[in-house]
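The report below works through a structure by its helix packing, its strand pairings, its charged contacts and its confidence values.

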Amino acid sequence: MTTPALLPLSGRRIPTLSPGASSFPHHRATLRLSEKFILLLILSAFITLCFGAFFFLPDNSKHKRFDLGLEDVLIPHIDTPKEGKHASGQVVIHGQGGHDEHRHREEEESLRDKIRADHERALQEAKEKLRKSREELQKEIQTEKSKVVEDLKKKDAGPKPLPPVPMPKVVGVSDGEPTEPNVKEKRDKIREMMKHAWDSYRQYGWGHNELKPLAKKGHSTNIFGNSQLGASIVDALDTLYIMGLHDEFKDGQEWIEQNLDFGVVSVGLADRESSGQEVFKLKAVQLAEKLLPAFNTPTGIPWAMVNLKSGVGRNWGWASAGSSILAEFGTLHMEFVHLTYLTGNPAYYQKVMHIRKLLAKMDRPNGLYPNYLNPRTGRWGQHHTSVGGLGDSFYEYLLKAWLMSDKTDTEARKAYDDAIEAIERHLIRKSNGGLTFIGEWKNGHLERKMGHLACFAGGMFALGADGSPDDKAGHYLQLGAEIAHTCHESYDRTVLKLGPEAFKFDSGLEAVAVRQNEKYYILRPEVIETYWYMWRFTHDPKYRQWGWEAAQAIDKYCRVSGGFSGVKDVYSSNPTYDDVQQSFFLAETLKYLYLLFSSDDLMPLESWVFNTEAHPLPVLHLGNITLPGSEPARR
């Protein structure tokens, strides 16, 4: 398989375990299906960390410097023990705040001196090599060759077994059949839509990242690193399992075991591992190891993309002077914490905690997080803040880190509460017609436009209502309901009853797209996601009704013989197809619709947290367990 050139890290939207559950022996030849399900969730949640795309062309703007001590900028992201780390390996952040330019000049001069010294040392080593005899050089070359051979032998011996960890208790991952016949009928229809989407992909696009349902062939774009990672298979697995489509699930599982390759990975891995669960764990860890070089930046803020073979990273060319994106580097926490629990390796936990600590030290304009941060300089890029594309899942993960920790990560909860307070003060407004919307802050100006991606926030506000400070639970549940209503209006005011990519609230127009390039619908899930959360917390029947309206519209206007396609204009009665069945349609849109028409005992929210791509991970009941490299949990 060709090694992908660049694999992107991304958000919107990735995805603990009970110490009392029994340990699993890694040598066991067979597994209960529920155990395979858990490990496939881990794998799918982590791999979809690498999937995602945003179609924005931001303007360049003046930059804000991130004031850190030199030791903060250059040292904390390095894995080897150095000054600036606790003996346990936990990152310790030093340095004082402030904006002293003289200090920055001194630091930059110190850095230049270090580079000069390194350069001189390299030159001296080269001179010494040239002084050696031919025999001495040949001997050194032979020694290096021997080392390479030994390393290859170690690799051929197979991957190092991972330590056994307690398996979580599998709660509510199947059934959920509603008692009302009419609701069951709707749920069955959603299941049939999933089967049509999967069967079409299986027939025409198998192994490709996505499907072109009209052309009836596979589809790949550079958002997946120009590689064939079977993104639709990875994304769909847990949906198939939850819906009880176990034959289809088995097909996908076998493809992952036999074909999913991240470049330099041992050949025949699946054949050497008799235990299905070990395969999925190892796949996730292998990918994680290949992503770690993305963090090798002066600040420890990762690049957006990394070459899996060379470890070289880079950012999107359009992202504000080479900046990393908030919704990408801020959407790693759940997966990396889970990987540390799974493997015992503190590196993953330390990487994401370092990001959190750096962001906590930054000067945020009006308490808002801009969407761009330069990983080389530690400066904010363009002052653009959004709860939609580029920013969305960062806020979601602050809340979900708290939930996944069994509500012990109070630092994450405090950061979420502070961020939401700033968002409500500066971004949330009510239109003249009484619709509550979330605008975007650009260089000191509020743009009265809301994106479809931002519609997930209704569900987020409802999910975070319990635990809100100052007895504001009712307020945030109501805010979630208002956002749900606004997003439903964006659907209801179109010809197709499907929502546009973005909609405005000015010049007498409300919840309507104005620009032609904002009138498309690409099978997005965010509005339906909010309907599901609002249904779970209120059981107001209108959310099921709104969800059914959306499902019928998708089936009527997006369904074709070869799958489901996005449409280019939701205000046209004769829309043009975009000929792409997005992988998130299987992972998110259809999953949330199915859950909306299921009983609450399917994927109960007390036991599961959904990552930004709707892959559920169990709440990590750490109890007295301390993650390697972390401090003991405190409530």
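## Helix packing and strand pairing

The axes of H13 (residues 392-404) and H14 (residues 410-426) come within 8 Å and cross at roughly 145°; axes are lines fitted to C-alpha atoms, for helices over the stretch in contact, with angles from 0 to 180 degrees between N-to-C directions. On the H13 side the contact (heavy atoms within 4.5 Å) is made by Tyr395, Leu398, Leu399, Ala401 and Trp402, while H14 contributes Thr410, Ala412, Arg413, Ala415, Tyr416, Ala419 and Ile423. These residues divide into ten nonpolar, one polar and one charged, counting Ala, Val, Leu, Ile, Met, Phe, Trp, Tyr, Cys and Pro as nonpolar, Asp, Glu, Lys and Arg as charged, and the others, Gly among them, as polar.

This is a predicted model, in which local features need pLDDT of at least 70 and side-chain atom pairs count only at pLDDT 80 or more, whereas totals for chains, interfaces and linings use all residues. Residues are numbered from 1 along each chain as its sequence is written, and side-chain values use heavy atoms, with hydrogens and water left out.

Helices (H or I, at least four residues) and strands (E, at least two) are DSSP runs numbered from the N terminus, and two strands pair if DSSP finds at least two bridges between them. Two of the pairings are set out here.

| Strands | Bridges | Direction | Opposite residues |
|---|---|---|---|
| S14 (residues 502-506) and S15 (residues 509-512) | three | antiparallel | Phe505 and Glu510 |
| S11 (residues 440-442) and S12 (445-447) | three | antiparallel | Glu440 and Glu447 |

In the hairpin of S14 and S15, two residues lie between the strands, and Ser507 takes a positive phi near 55°. S11 belongs to an open antiparallel sheet of three strands in the order S8-S11-S12, whose edge strands, S8 (384-385) and S12, each pair on one side only.

The structure holds 26 salt bridges (a side-chain nitrogen of Lys or Arg within 4 Å of a carboxyl oxygen of Asp or Glu). One of them joins Arg544 to Glu180 at 3.9 Å, N to O; because Arg544 lies in H18 (residues 541-557) and Glu180 in the loop between H4 (134-156) and H5 (181-204), the pair ties together parts 364 residues apart in sequence.

The chain has a mean pLDDT (the predictor's confidence in each residue, from 0 to 100) of 81, and 73% of its residues reach 70 or more. Over residues 1-7 the pLDDT is below 50, and it stays under 50 over residues 51-100. Where pLDDT is low, the predicted coordinates should not be read in detail.
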